[in-house]
Amino acid sequence: MKPVAFDYARPETQEETLELLTEYGSDAVLLAGGMSLGPMLNLRLVKPSMVVDIGRVSGLATFGAVAGTVATGALMRQSDAMDNRDLVSALPLLSLALPWVGHVQTRNRGTLGGSIAHADPSAEIPLCLATLNGRVALRSRRGRRSVGARDFFLGMLTTARGPDEMVVALEWPEAGPGEGFAFEEIAQRHGDFAIAASACRARIEDGALTGITVGLAGVEDRPVVFEFDEFSSDPPDDPDLPGELAEFISQDIEPLSDHAASAAHRRMLARNLARRTVIAAIRDAQVAP
Amino acid sequence: MSVLHRKGGERHRVELTVNGKARVGHAEPRMLLSDFLRHELGCYGVHVGCEHGVCGACTIIRDGSAQRSCTQYAVQADGAEIRTVEGLSNGQGLTALQAAFKRHHALQCGFCTAGILMSASAFLVSHDNPTEAEIREMLSGHLCRCTDYHGMVQAILEVSKSGLEDE
């Protein structure tokens, strides 16, 4: 399939991009790596009159860590993120999830910010950002703001980004001492859209479990996150705990039903993936520095 | 700094380096890179399967990395360095990788093969001594409906062990 005819603009700076967005508003789409937008254009699921190619905009493929927060520029490529040693050690959850994002041939173009802005409910990068309670940095000619990831995703392919705004960076809380992480996914084939995926962070302080966060993708129309910080028993190796949390989660969600899986099937997958990631994250936290 | 504008419905000049040669063609903004390589530049080794990034048949090497050519547009790639399957061999016979594919029956109909050879070529540059699992992970970005991938895995393993890949 071929896209409908569109006008094409290729800015080189953020300021030029914001001017174009102000001028064209919701008639324009931003093209970054194109690994989600490209298929949607080709299948004519979107028919924009203007495509703004931000692939050559300077200063958006950055990486930096300050005071416990890692900032990744919107245009950082997924494959570059996987190869970045500082990122891998600061953001273990993201580095566990990235191998599930498409294939090497798509990760070589796909960007972190593009996946966030696209907001596919089954996508791994939005799941990680929401699970870690990170933030999305946005910029428009009106100014800058940042939105918590758990408020950014509003529904299927829908975000809090305004038509004149662009995602410029993602802000990730760096992994802390005693924190462990796990990521699991079920798809029809590796690299395909997740039918369900689970991300988990567990925190152990002074030998006691003090926090578990479980995020799910592919289950509802946006990432869903559960925080647990009170446990009936403190030992991190309580064998009943992962199953109990997973059961609670699976009863609380309202799973989607589509061609890939029924709601009942998704609920079962969510329960199993949540339990597995809780077990693995606690185990990881037990050996964490 | 300035914004490049390209009007929809009109053809614009696009310059690429393809298999080491400077090439020029014309493309509407909506023209896929895969179609541009085939129909403007005659690189019919770029196969077109699904046209939405799933099957991997159109995989090329752009600026050193294996990428889909159906989910990018020719105007986006202006100035890029592209390698297609036509550029693998120097015309004097098969490369070590191509010969290993033949020896291990790593293809049947051959439709997916052009893209897989490009992924495997890029992969071998960055992986001196790959494991079977790494090879299968790389191949997961390609659909082959004839073979079971086993011959491809064996061929790539053999080339990596022999150090014959002429990259």
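Is D206(A) buried or exposed? In this predicted model, D206(A) counts as exposed, because its relative accessibility is 85%, against a cut-off of over 50%.

**View 1. D206(A) in its loop.** D206(A) belongs to the loop that links β12 (194-205) to β13 (208-217) in chain A. The residue is not a glycine, yet its phi is positive, at about 50 degrees. The side of the question on solvent is settled above: D206(A) is exposed, at 85% relative accessibility.

**View 2. N19(B) in its loop.** Chain B has a residue with positive phi to show here: N19(B), a residue other than glycine, with phi near 50 degrees. N19(B) sits in the loop between β2 (12-18) and β3 (21-27) of chain B. N19(B) is classed as partly exposed because its relative accessible area is 26%, and that class runs between 20% and 50%.

**View 3. The contact between chain A and chain B.** Chain A brings 39 residues to the contact, and chain B brings 39 residues. Together the two chains bury about 3,100 Å². Carbon and sulfur atoms account for 47% of that area. Three residues of chain A stand out: Y8(A), Q105(A) and R109(A). They supply 21% of the area that chain A buries against chain B, more than any other three residues.

View 4. Between chain A and chain B, 26 residue pairs are in polar contact, with both residues at pLDDT 80 or more. The side of chain A that touches chain B draws at least two residues from each of β1 (7-10), α1 (14-24), α2 (37-42), β3 (50-53) and α6 (104-107) of chain A. By residue type, this side of chain A has 18 nonpolar, 10 polar and 11 charged residues. Four salt bridges cross the interface of chain A and chain B. One salt bridge joins the side chains of K2(A) and E51(B), with an N to O distance of 2.5 Å.

**View 5. Strand pairing between β1(A) and β1(B).** Which strand of chain B pairs with β1(A)? The partner is β1 (residues 4-6) of chain B. The two strands run in the antiparallel sense, and three bridges connect them. Within this pairing, R10(A) lies opposite L4(B), a residue of β1(B). β1 (7-10) of chain A is also one of the elements that supply at least two residues to the side of chain A that touches chain B.

Definitions and conventions:
Residues are numbered from 1 along each chain as its sequence is written. Chains are lettered from A and ligands numbered from 1 in the order in which they are written. This is a predicted model: local features need pLDDT of at least 70, side-chain atom pairs count only at pLDDT 80 or more; totals for chains, interfaces and linings use all residues. Side-chain values use heavy atoms; hydrogens and water are left out. Helices (H or I, at least four residues) and strands (E, at least two) are DSSP runs, numbered from the N terminus. Buried means under 20% relative accessible area, exposed over 50%, partly exposed in between (1.4 Å probe, protein chains only). Contact means heavy atoms within 4.5 Å. Buried area is the accessible area (1.4 Å probe) that two parts lose on being put together, summed over both. A polar contact is a pair of N or O atoms within 3.5 Å; within protein, one must be able to donate a hydrogen and the other to accept it, and residues adjacent in sequence count only if both atoms are side-chain atoms. Ala, Val, Leu, Ile, Met, Phe, Trp, Tyr, Cys and Pro count as nonpolar, Asp, Glu, Lys and Arg as charged, and the others, Gly among them, as polar. Two strands pair if DSSP finds at least two bridges between them.
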